[in-house]
Amino acid sequence: MSLMEKLDGGVSLLAGGTDLLVAMKDGRLRHRTLVDIKHISNLGAIRPEDAGLCLGAAVNTRTIARSPLVKERFPLLSQALAVLGSMQIGNRATIGGNLANASPAADSAPALLALEASVKLVGPQGERLVPLENFFSGPGKTVLERELLTEIHVPSAPDQGRGVFYKLGPRGAPEDICIVSVAVFAVPDASKRIWTDVRIALGAVAPTPIRARNAEKALLGQLIEGRTVEDAARLAAEKDARPISDIRGSASYRRAMVKILVARALEQLSER
Amino acid sequence: MSNDHKVIGKSIPRLDARSKVLGEARYADDLSLPGMLYVKVVRSPHPNARIRSIDTSRARNYPGVISVLTAQDIPGEKLMGPIIKDQPVLCGEAVGYVGDAVALVGAETEQAAEEALELIKVDYEILAPVLDPFKAMEPGAPQVHSGGNIGTHSKVRRGDMEAAFRDATVVVEKRFFYPRVEHAYMEPEVAVVAPDPGGGFTVWSSTQYAHLDREEVSRVLGLPQSRVRVHQMMTGGGFGGKINPHAQCLAALIAWKAGRPAKLRYSREESLISSYKCHPFVMDMKLGANREGKLLALEATLVGNTGAYLLQGKAVITKSATHVSGPYYIPNIKADAYAVFTNCVPCGAMRGYGVPQVTFALESLMDELTGRLGLDPIELRMRNALDTTLPNATGQVMGASVPIKEMLGKAKLTVQSLKPLLQQAPAKGKLRAVGVGCSTRGIGSIRKPSRSTAVVSLHPDGSATVACGHVDLGQGSDTMMAQVAAEELGVDVDRVNVVTNDTAISPDCESTSASRVTYLSGNAVRLAAAKARQRVLEIAAGDLGCAPEELRLMNGSVVYREQGVTLAGLFSKHTFHSVTSVAEFLPDTVPPDPETGQGRPAGTYNFNVHVALVEVDEGTGQIRILRYLALTDVGHMINPLIVEGQVHGGMMMGLGSALMEEVKVENGVTNTSFATYLIPTTFDVPQELLIGVVEEPEPTGPFGAKGFAEGSLDPVGATIANAVSKAIGVRVTRLPMTSERIHELLSQR
């Protein structure tokens, strides 16, 4: 922390380096001081925390994806991180880095948003816990202010909750940057007929990874059936998603895919 | 045929495999010479501009910078290129595309060279570019060069089009689009050039044609070719993209100016921006048939966007026009193919050379016909397939090795075997279908006859050295040449050293391209080895008082009735150190006539039949290939393992342009890294990829062999597009079939 103070902003934090080193090679980042945070103790552990999880920011994503604890408690997160990149990237890229890089297409974000994770930020003034939904402020931008993202807290989820993650990429390869990604986590009521707690998160269709609040609201208290699924998927595509056109896909294709993938996820979660 | 062969037809591991696996193979970038400078290139940021002035003064004074060069410093020729020499080595007056080379820096370190680039100020007068080939052909379009924007026009004229279309019961017609594709060789361009004490230069490069490097470097430096020696280093792929020694010429200029060794290695981004690509084609094709499904007439207008320079464009366009009718007999053909200049990145040679483009269009129309005629796709193709009596689009009749009907028969069995998978209900929202695609290609250059030369030296210990100029790019041709020589000389393959990579030793055989090496150099090597053997046997026969036919060569001895005479003894007695023979092979060809396209342009042809079973996601438009069969015709296999490797590679390369690859140009190339220019990965390999080889020996080929390396790419786009079109019920007319494009077609249903 004091090192970061002293260097006064002219510093980049290096964890796995899978985004940072590419930016340096491209010349987007130049002549900056790097502070390697990989080996700060505490940042490298996966710990159970009540029925939830605490992930050290410097744990690599493949380790998390393969962790029996994560698989058991949050298969949704494990599923998403398994396709975050190639095996080589997964062995280097850290969970904290994937979030702090703040790509709208970050593969770890939708699942963590759907699981309502929070991030712990530590700075000279102390530490604060920020819900992940409030952490991103734009493409490549976060609320970090000369702070270090140290931990990701995933709160316990009801036992009967289930999740689905879809990553739509231009190829079959996990290293692709997604065109659209969707994570849905849902907890049905005891009768399994009513949507009670549904969280829908979207990647690569807005300036940041987002929760599809309009779609979620539309489902709340509604019957689990085709009509409600369709309505929610349409709202996610039309009201929640704010996609742009880029080299990976047009805005209209992205919108159409949000509708398809949200509907598929909800349908899959309706099957019991 | 193969029964009595010792090494031909055997899956001998590649001779370079060990050094590559152990990391011992030396590539050009592994080379570092004392005093070596690093070269960096100032490239144009504008697609079309005049250069008013270039200020290099600040760069010259930058610490570490030794030389700065612009066009006016070039001592020799200022234009270069593989066939048409129309690209400025360095642009002096104008730039033609984003990435055109304008100035050079040679510095003590790569970083100093890089930093000095930014100090060179080029004053451009920016002009309106023309990027679309159709706009470029309109009157009043900006002229890329004086002399009009049509760089070349190739024609095929056969029969009476009007009558034929009048007689046709069914006519199908569509416009097709084939993408601009990058070779994406693993190793980007690299060249190291050093001045020799005697006034010449030595080049170490990653290249498909060492002798072209020699020719161009000598032209640019104003030296005789004999003063330039080129060593092709281990080359990490070429696929047609390394037949343009621009990096070699640029490094040579700095080496010449500074009098010191110089290295230029392109970054991936630089390679993607500046190197020539596969031609994107827009193809209007019209195909007519009678009620029985006999093809009567084919009319085609093919427009290739050749970019700012012609380079190889003329030859690519000619190849596409002469291959327009595929492996079918069509009595009436009119084809007009154009290479059009634009201010896009230049296009040149790439694996396929115009054939995958026309194959996509023709095979798509063949499937359209089946729908209209109610015929099975394989049956329609069978009824029109070439045989040893029917002429192709150039009027050439191939007298032998035309196994297309046999291949179609095999494909039919495969299609039948896929029925259960097809009928098995796929998951909800998934559509399945089978597609077929066929292709043919002439082996070797068709624009002019091309000769291969080989020198074989048989040494007293029975080992042999083969010198031949077709460099190995990683496909395994050196191993196959060793097999050919070993078979003729009766020795093990590891006793043969094949030298293809040194212009001072290996004769010029034209580039390693056009699927020509096995056929042309295979023949030259075989003939030279046979000649050396014959000479030795004749000498021994004189000693033994028998006929040479009674003797054979085996492991360094001449064997006569179970008795052996060692070569060492024989050579010593007759004052030989080694026995050296030279042989040439020139196929019997006639280039296509410029007005009609008629001729006999290739010594032999290769055929391919592919079958794909695809599954399309109705919601997202994503395509999965569940089964793929690539049937190829190789004449006779010299090395089955290498055949398999080539077919795998060609098929996957074709899959790239079918499903995902497209170099996008908005002023300049916009997908400038492998994060945005996507090529297939292991995750994109079909669930099951089968390779089938049909062997019908080519009488003029070495041991019956012929070329096949590009053929395995040619029909891939067509095959997958036919399967996808059937699955979604809409004709695919544009590659690549990205999920977004297929989604769009699905929503048009």
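1. A word on terms before you look around: here, two residues count as being in contact if their C-beta atoms, placed from the backbone, lie within 7 Å. With that in hand, 25 residues of domain 1 of chain A are in contact with 23 residues of domain 2 of chain A. Please keep in mind that this is a predicted model.

2. To find your way, note that chain A is split into domain 1, covering 40-154, and domain 2, covering 162-270. Between the C-alpha centres of domain 1 of chain A and domain 2 of chain A there are 21 Å.

3. Now for the side of domain 1 of chain A that touches domain 2 of chain A. At least two residues of this side come from each of α5 (75-82), α8 (109-114) and β7 (136-138) of chain A. The most is given by α8(A), with five residues. Sorted by class, this side of domain 1 of chain A has 18 nonpolar, four polar and three charged residues.

4. The next thing to trace is a sheet. Chain A has an open sheet of five strands, in the order β3-β4-β9-β5-β6, with antiparallel pairing. At its edges are β3 (46-49) and β6 (126-131) of chain A, each of which pairs on one side only. From one strand to the next, the twist averages 25 degrees.

5. Finally, a closer look at one pair of strands. In general, strands of a sheet pair through backbone hydrogen bonds. Strand β5 (residues 118-123) of chain A runs antiparallel to strand β9 (residues 148-154) of chain A, and five bridges join them. Opposite S118(A) you will find H153(A) in β9(A).

Definitions and conventions: Residues numbered from 1 in each chain as written. Chains lettered and ligands numbered in written order. Predicted model: local features only at pLDDT ≥ 70, side-chain atom pairs only at ≥ 80, totals over all residues. Domains from an automatic or database assignment. Helix = DSSP H or I, 4+ residues; strand = E, 2+ residues; numbered from the N terminus. Nonpolar A, V, L, I, M, F, W, Y, C, P; charged D, E, K, R; others polar. Pairing = 2+ DSSP bridges. Axes fitted to C-alpha atoms, helices over the stretch in contact; angles between N-to-C directions.
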